Amino acid sequence: MYPQVEPYAQGMLDVGDGQRVHWEASGNPDGKPACVFHGGPGSGSHPRWREDFDPDHWNLILWDQRGSGQSTPSVADPATSMEHNTTQHLIDDAEKLREHLDIDKWLLAGGSWGSTLVLAYAIQHPTRVSEIIIPAVTTSRPEEHAWITRGLGMFFPDHFDAFRDGVPEEDRDGNLALAYNKLLNSPDPAVRDKAAWDWSKWDLSTITGGDNDFEGTRYADAVTRYRLARTVTHYWGNEAFLEPNYIFDNLGRLKGIPGVLIHGRNDFGGPLYTAWEVAKRWPDAELVILNDAGHVIMEGNSMDEAITAAIQRFR
């Protein structure tokens with residue numbers, strides 16, 4: 001809807017543990033604050049969000065989570081430890097960023113993994129959140145990880161067999177994300193590269209509904225492919241470092257915070273059930289179900305239009 005303006009400020013915030021988080025601010029410095037928590041985990045922020053927020057009205061903050069995007073050290077370097085890269089670390093980083101920017105309250109937006117992080121942050125810091133917009137709702141429960149790494153095999157048996165067979169035979173009946181993470185941290189570059197390739201083929205299949213051609217996608221770049229695979233398997237393999245029903249059990253803390261949940265009925269990777277259950281437990285949220293949408297937000301599709309409408313609603 002709006003021109004993709006350049007940031008008026010950006011920087012690297014030292015959040016401890018040897019980590020520096022990249023952030024940018026665009027739009028109106030005196031406008032209503034909004035912050036986007038990107039997906040992945042590991043994808044990094046995307047400037048396209050600047051087109052959804054009126055730069056005359058909003059003070060839009062984008063940031064790269066630990067090891068992602070322009071944040072350092074990058075997890076694309078296999079020598080970078082992920083010991084201090086957990087959900088709680090990311091929640092604390094976001095709060096340090098809010099304080100650094102002297103923002104009292106901000107609207108939060110984020111889809112897919114960004115949904116989990118937005119909800120987890122809001123549960124811990126409800127007084128700092130004005131509104132929430134979530135396209136593609138997830139809460140990172142163990143059953144959600146099990147669905148996306150194993151259950152979806154019933155829809156994509158051809159892709160799943162190749163995915164499962166990418167790990168050693170003794171690991172094929174266990175936690176596949178953890179098995180892949182072990183390969184992605186191998187000292188052998190060839191093992192790491194193959195694991196990133198095999199994981200990304202499956203990951204892209206679940207996002208698109210079966211198409212895993214890398215051409216024209218972010219997965220075509222080997223460095224990006226490895227960074228994403230290493231980060232996602234780290235989080236999913238460890239159940240996002242959350243108690244199994246942490247978000248479901250604590251949604252009552254969001255009472256009084258208006259929200260819009262937007263979910264495609266054709267989202268293979270994140271079935272509508274999760275969004276439905278979140279909406280039942282969070283009375284101040286409205287659930288928008290899109291019959292023609294899946295997991296991906298594309299310019300001009302119904303998901304994009306619903307996000308735009310939600311942003312306008314919270315002006």
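Let me start with a term. A residue is buried under 20% relative accessible area, exposed over 50%, and partly exposed in between. Keep that in mind for Phe 268. Its relative accessibility is 28%, so Phe 268 counts as partly exposed. One caution before we go on: this is a predicted model.

Stay with Phe 268 for a moment. A search of the whole structure finds 21 aromatic pairs. Phe 268 and Phe 155 make an edge-to-face pair, with 5.2 Å centre to centre and 75° between the planes. Which parts of the chain does this pair link? Phe 155 sits in the loop between α3 (142-149) and α4 (157-164). Phe 268 sits in the loop between β7 (259-264) and α9 (272-281). These are distant parts of the chain, 113 residues apart. Phe 155 is partly exposed too, at 46% relative accessible area. Both rings belong to a cluster linked by ring pairs. Other members include Trp 147, Phe 160, Tyr 180, Trp 202 and Trp 236.

β1 and β2 run antiparallel, joined by seven bridges. They form a hairpin with two residues between them. In that turn, Asp 17 has a positive phi of about 60°. Gly 16 stands opposite Gln 19 in β2. Next along, β2 and β4 are also antiparallel, and five bridges join them. There, Trp 23 has Trp 63 of β4 as its bridge partner.

Move on to β3, residues 32-36, where we find Ala 34. Is Ala 34 buried or exposed? Buried, because its relative accessibility is 0%. Leaving out residues up to four places away in sequence, Ala 34 touches Phe 53, Trp 58, Asn 59, Leu 60, Ile 61, Trp 106 and Leu 107. For a sense of distance, take Ala 179, which lies 145 residues from Ala 34 along the chain. Their C-alpha atoms are separated by 37 Å.

Glu 131 is in β6, residues 129-135. A charged residue to look at, then: where does its accessibility put it? At 11% relative accessibility, Glu 131 counts as buried. Its side chain makes a polar contact with the side chain of Lys 32, at 3.0 Å. A second polar contact goes to the side chain of Ser 130, at 2.8 Å. Beyond four places in sequence, the residues that Glu 131 touches include Trp 106, Leu 108, Ile 257, Pro 258 and Phe 314.

Last, the helices. Helix α1 covers residues 87-100. Does its length agree or disagree with 1.5 Å a residue? The 14 residues should span 20 Å, and the end C-alpha atoms are 20 Å apart, which agrees. The buried residues of α1 include Leu 90, Ile 91, Ala 94 and Leu 97, and also His 89, Asp 93, Glu 95 and Arg 98. What do they pack against? The strands are β1 (9-16), β2 (19-27), β4 (58-63) and β5 (106-109). The helices are α2 (113-124) and α7 (222-237). Just after α1, Asp 102 takes a positive phi of about 55°.

Key. Residues numbered from 1 in each chain as written. Predicted model: local features only at pLDDT ≥ 70, side-chain atom pairs only at ≥ 80, totals over all residues. Heavy atoms only, no water. Helix = DSSP H or I, 4+ residues; strand = E, 2+ residues; numbered from the N terminus. Expected span 1.5 Å × (residues − 1). Buried < 20%, exposed > 50% of the residue type's maximum accessible area, 1.4 Å probe, protein only. Contact = heavy atoms within 4.5 Å. Pairing = 2+ DSSP bridges. Polar contact = N/O pair within 3.5 Å; in protein donor to acceptor, adjacent residues only side chain to side chain. Phe/Tyr/Trp six-rings, centres within 6.5 Å; stacked < 30°, edge-to-face > 60°.
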